[in-house]
Amino acid sequence: MPLLTEENLHWQAKAREVAEKFVRPVAKKYDTIQQYPWEIRDAIASAGLFGVWIPKRYGGSGGRDWNVMNLCLVVEQLSRACGGVGVLFAVNALGSFPILVGGTEEQKQKYLPRIARGETLIAFCLSEKGAGSDAGGLKVRATQVGSNWQIDGEKKWTTNGGAADLYTVFAVSDPTSKSRRISAFLVEKGDPGFSIGKVEDKMGIRCVPVVETCFRNVKVGVDRLLGGVPGHGFKHAMETLDLARPGVAAQAMGLAQGALEYATVYTSKRQQFGAPVSSFQMVQKMLADMAMKTEAARQLVYAAAGGIDEGVPNVTKLSAMCKCYATDVAMEVTTDAVQLFGGYGYMKDYPIEKYMRDAKITQIYEGTNQVQRMVIARHITKEAMGLDKLLGQYIPSEEQDVYEGGAS
Ligand code: CAA
């Protein structure tokens, strides 16, 4: 695991402060009313946290290209207090990474400084009713009209939709092409023809809106075509997800840590059979397993984030691994935390059931964990080809596997 730098520790501490001062006290309230917590957005912006993944030259505090480690440290601390606030923050990285990986210099100069200051909130519009895991199967259409583009169709599960001022929208710009079918566009909230459709009523992450976004003859200039050249949208979406998935992993790991802390405090206070329940060995085993899994997830998330920032070659695999592992851990740990609270844990008066509800979506969004496992398996299978020369000689072929007598 890379050692955390002074700068990493600075942002981690700032996020912890915001989480304890502004997030935890109102987490239950916003979960109940299911409304966007603008006061928390303001606190995050005042602390300068919206700029941690954005390079300094575009108004942020991040590294040369981006800073995924700082993003993860902040998301972890916010999620420890409220998983909804974790994604409310992280989704701005998901929305803005396409600009960082594929935007023109003008697009970067125009949008990134406002995002870094928290003045512009952004959302990522990839999924559609019929295109979830099969992201390449999307149908929203972008048609060239003179030098402009017209966008038509509907997107599903747009996190931050309605609150956001800017939307990164993936659309089919060339239905005849196989590998250059999709382009990404920057749509602004006030663009005529853009509207918010169904607002979802969710199991968890209830303080952040998840909506359908609708595009009816939305006309944008070429200056809003990401990168200025059509056909690179799918690649930009995949590269974005490689950078953003560690943020989901950090959200999950923060939820696991937060649930573990509540469970540890509760089981030390709760008396049964004349002793704190934390003194019983079956409870100790659960707490120890929860702590080990959470720490293992943390090491993997930090290793992936640090590796991505350093430009290691196997970013896609690392990113999928940390997302899949940490989110599975979060589901296990938050479920066990509810168990440790017993009957009280099932009740909404107690803070713990929210952790379990918030954790569930982390196994689903930004690529289901089934997709992550598929991505990991594809990569290790490819890497295994390089090992064939070394190991292949020790694996007998079917022809060599002949019966030569012996025990019957
Ligand atoms: N980086 C760069 N390029 C990549 C890439 C990567 N990580 N992964 C694939 N590509 C490229 C391939 O090289 C290939 O390029 P060519 O056509 O030039 O050869 C092209 O993309 C197609 O690749 P695949 O054949 O691997 O694509 P596929 O159709 O088999 O799909 C997939 C792969 C991994 C399943 C992908 O569709 C995927 O990640 N699906 C999940 C989508 C997802 O995460 N959606 C969540 C959206 S966000 C959200 O959840 C809502 C929210 O607001 C939080």
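View 1. The structure holds 1 cavity of 30 Å³ or more, a cavity being a set of points, on a 1 Å grid over the protein atoms alone, where a 1.4 Å probe fits but cannot get out. This is a predicted model, in which local features need pLDDT of at least 70, side-chain atom pairs count only at pLDDT 80 or more, and totals for chains, interfaces and linings use all residues. Residues are numbered from 1 along each chain as its sequence is written, and side-chain values use heavy atoms, with hydrogens and water left out. About 70 Å³ of space lies in the largest cavity, a volume being the space filled by probe spheres set on the points.

**View 2. The lining of the cavity.** Among the residues that line the largest cavity are Leu-71, Val-87, Val-248, Gln-251 and Tyr-365, lining residues having an atom within 4 Å of a point. α5 (83–102) and α7 (233–269) are the elements that give two or more residues to this lining, and α5 gives the most, with 5 residues. Because domain 1 (6–121) and domain 3 (235–392) both contribute lining residues, the largest cavity lies between them, the domain bounds coming from an automatic or database assignment.

View 3. A nitrogen atom of the ligand is 2.8 Å from a polar backbone atom of Ser-133, and an oxygen atom of the ligand is 2.7 Å from a polar backbone atom of Glu-366; a polar contact is a pair of N or O atoms within 3.5 Å.

Methods:
1 Å grid on protein atoms, 1.4 Å probe; cavity = no way out; pocket = protein on both sides within 12 Å on 5 of 7 lines; lining within 4 Å. Helix = DSSP H or I, 4+ residues; strand = E, 2+ residues; numbered from the N terminus. Polar contact = N/O pair within 3.5 Å; in protein donor to acceptor, adjacent residues only side chain to side chain.
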